[in-house]
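Here are some notes to read with the model open beside you. Take the points one at a time and find each residue as you go.

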Amino acid sequence: MTFSFNRNVIRWIIIVSSFIIISLILWNTYTFFQNFKAEERSKMKNWSFAQKEMRNTDNLNADIGELPLEILKSNTSTPMIKVSEDGSMEPNNIDPRKAQDSLYLTKLIEVFKSENEPIEIRYKDQVLSTLYYGNSPLLNKLKYYPLALLLIILLFAAVVYFFYRSSKNAEQNKLWTGMAKETAHQIGTPLSSLVGWTEILKMENVNPEYIMEIEKDIDRLQTITERFSKIGSAPTLKTMDIVAVTNSSYDYLKSRSSKLINFEIISPEIEIPVKLNEQLFSWTIENLVKNAIDAMKGKGDLKLELTQLESNVFINISDTGKGIPKSSFTKIFEPGYTTKKRGWGLGLSLAKRIVEDYHNGKIKVLTSEIEKGTTIQIILKQV
């Protein structure tokens with residue numbers, strides 16, 4: 001308990017620390033962006049002052065010095081458009097082919113106005129021209145840096161989440177595997193005792209029919225033990241007649257279910273060879289049949305239909321139960337998903353694992369209507 005609590009505390013410390021670090025990085029990036037933008041505006045103001053010196057009409061013969069010329073030459077990246085008092089436009093650092101299009105320049109001025117406040121170039125309180133400028137390529141790249149950083153963080157968080165989830169699922173699988181094997185081991189001891197007591201009952205001249213029924217249940221317990229012992233290990237598949245195995249499993253459930261259930265089975269008379277593990281496949285059929293009986297609340301029609309098409313074998317199990325919403329067609333096969341108050345949500349997930357992982361087949365909800373019934377289909381490859 002203490003270990004689990006400490007682990008949760010450490011996990012939350014890491015999460016909070018990561019959030020603080022990310023917030024600091026984003027804030028510093030934003031601050032740097034604003035400072036860089038302010039520096040660019042300062043450069044543009046210097047450029048406008050230099051432009052004003054160049055336009056000093058009262059001192060045409062005066063020596064303006066090298067500084068204004070150097071300032072004007074230094075700006076080679078920031079795109080700008082200088083609009084004179086007469087409306088003429090003078091673009092700078094803009095694609096020469098597009099700079100010839102006055103309509104394009106007009107639209108670009110609106111973009112520049114949204115990015116930066118225009119700078120008026122004045123001389124003796126007279127506006128000589130207005131300077132519209134946009135963000136430099138470097139500033140535009142920097143603008144998207146926080147988004148790129150967030151994307152990287154989200155991807156990293158997704159990787160961590162899926163790694164954590166897969167690790168947790170692996171731990172759960174180990175736990176279930178250990179519980180299943182331990183259950184099989186625990187059942188084995190009283191089962192051996194029951195076999196011995198059955199032999200004693202035979203010598204006591206007990207009604208053979210009673211002993212026969214006890215032996216059937218003993219065989220059943222042995223089958224259950226084998227099933228649990230196979231969880232977590234790769235099962236051995238053998239070429240078997242799927243018709244005979246399916247009929248046997250179905251008949252067993254029919255004989256031990258409510259008489260209010262109308263059982264029906266449709267299967268071909270010929271043998272259909274399929275690579276199967278008999279115990280696990282029978283377990284799947286039983287899980288599906290029991291779920292169908294539960295859905296009908298112990299009363300209704302239950303039909304199993306086995307058909308063959310080309311190299312595939314189709315097993316449809318249909319009931320007249322409460323049905324499944326379309327949004328839950330895939331959810332019902334997820335571990336832990338159940339609509340029963342006392343259910344564990346393991347039967348259908350186990351069936352899916354047996355069919356798809358062990359037998360390389362498919363299982364799905366074929367059709368379902370609310371209050372009318374459901375058909376679940378298993379597809380396996382014929383040998």
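1. You'll find Thr 78 in the loop between helix 2 (66-74) and strand 1 (80-84). If you skip its neighbours within four places in sequence, Thr 78 is in contact with Glu 40, Met 44, Asn 92, Asn 93, Tyr 133, Gly 134 and Ser 136.

2. Now zoom out, and keep in mind that this is a predicted model. The protein has ten helices and eleven strands. Of its 383 residues, 32% are buried. Look at the contacts with a separation of 6 or more: 66% of these come from residues 24 or more positions apart.

3. Next, the cores. The largest nonpolar core holds 35 residues, and the ones that touch the most other members are Ile 242, Val 289, Leu 302 and Ile 315. Helix 9 (residues 278-295) gives this core its largest share, six residues. Apart from that core lies another one, made of nine residues, including Ala 99, Ile 109, Phe 112 and Tyr 132.

4. Back to Val 289, which is worth a click. Which residues is Val 289 in contact with, leaving aside its neighbours within four places in sequence? They are Tyr 250, Leu 253, Phe 263, Leu 302 and Ile 317.

5. Two of those names come up again here. The count of aromatic pairs comes to one. The rings of Tyr 250 and Phe 263 have centres 5.6 Å apart and planes at 75°; the pair is edge-to-face because that label applies to planes over 60 degrees apart. Tyr 250 sits in helix 8 (residues 242-255) and Phe 263 in strand 6 (residues 261-266), so the pair ties together parts that are 13 residues apart in sequence. Both Tyr 250 and Phe 263 are buried.

6. Helix 9 also carries Asn 291.

7. Now for the second largest pocket. Its volume is about 600 Å³. Of the 14 residues that line this pocket, Arg 11, Ile 14, Ile 15, Val 160 and Tyr 161 are the closest to its centre. Helix 1 (2-54) and helix 6 (145-203) each supply at least two residues of the lining. Sorted by class, the lining has eleven nonpolar, one polar and two charged residues.

8. Finally, a backbone detail. Most residues other than glycine have a negative phi. Lys 297, though, has a positive phi, near 55°. Lys 297 is in the loop between helix 9 and strand 8 (300-309), and it is exposed because its relative accessible area is 77%, where exposed means over 50%.

9. One more residue of this kind is Glu 310. What is the phi of Glu 310 near? The value is near 55°, which is positive in a residue other than glycine. Glu 310 belongs to the loop between strand 8 and strand 9 (312-319). With 71% relative accessibility, Glu 310 counts as exposed.

Conventions:
Residues are numbered from 1 along each chain as its sequence is written. This is a predicted model: local features need pLDDT of at least 70, side-chain atom pairs count only at pLDDT 80 or more; totals for chains, interfaces and linings use all residues. Side-chain values use heavy atoms; hydrogens and water are left out. A nonpolar core is a set of buried Ala, Val, Leu, Ile, Met, Phe, Trp, Tyr and Cys residues joined through side-chain atoms within 4.5 Å. Buried means under 20% relative accessible area, exposed over 50%, partly exposed in between (1.4 Å probe, protein chains only). Helices (H or I, at least four residues) and strands (E, at least two) are DSSP runs, numbered from the N terminus. Contact means heavy atoms within 4.5 Å. On a 1 Å grid over the protein atoms alone, a cavity is a set of points where a 1.4 Å probe fits but cannot get out, and a pocket is an open set with protein on both sides within 12 Å along at least five of seven lines; lining residues have an atom within 4 Å of a point. Grid points are joined across faces, edges and corners, and a volume is the space filled by probe spheres set on the points. Ala, Val, Leu, Ile, Met, Phe, Trp, Tyr, Cys and Pro count as nonpolar, Asp, Glu, Lys and Arg as charged, and the others, Gly among them, as polar. Rings of Phe, Tyr and Trp (its six-membered ring) pair if their centres lie within 6.5 Å; planes under 30 degrees apart count as stacked, over 60 as edge-to-face and the rest as tilted.
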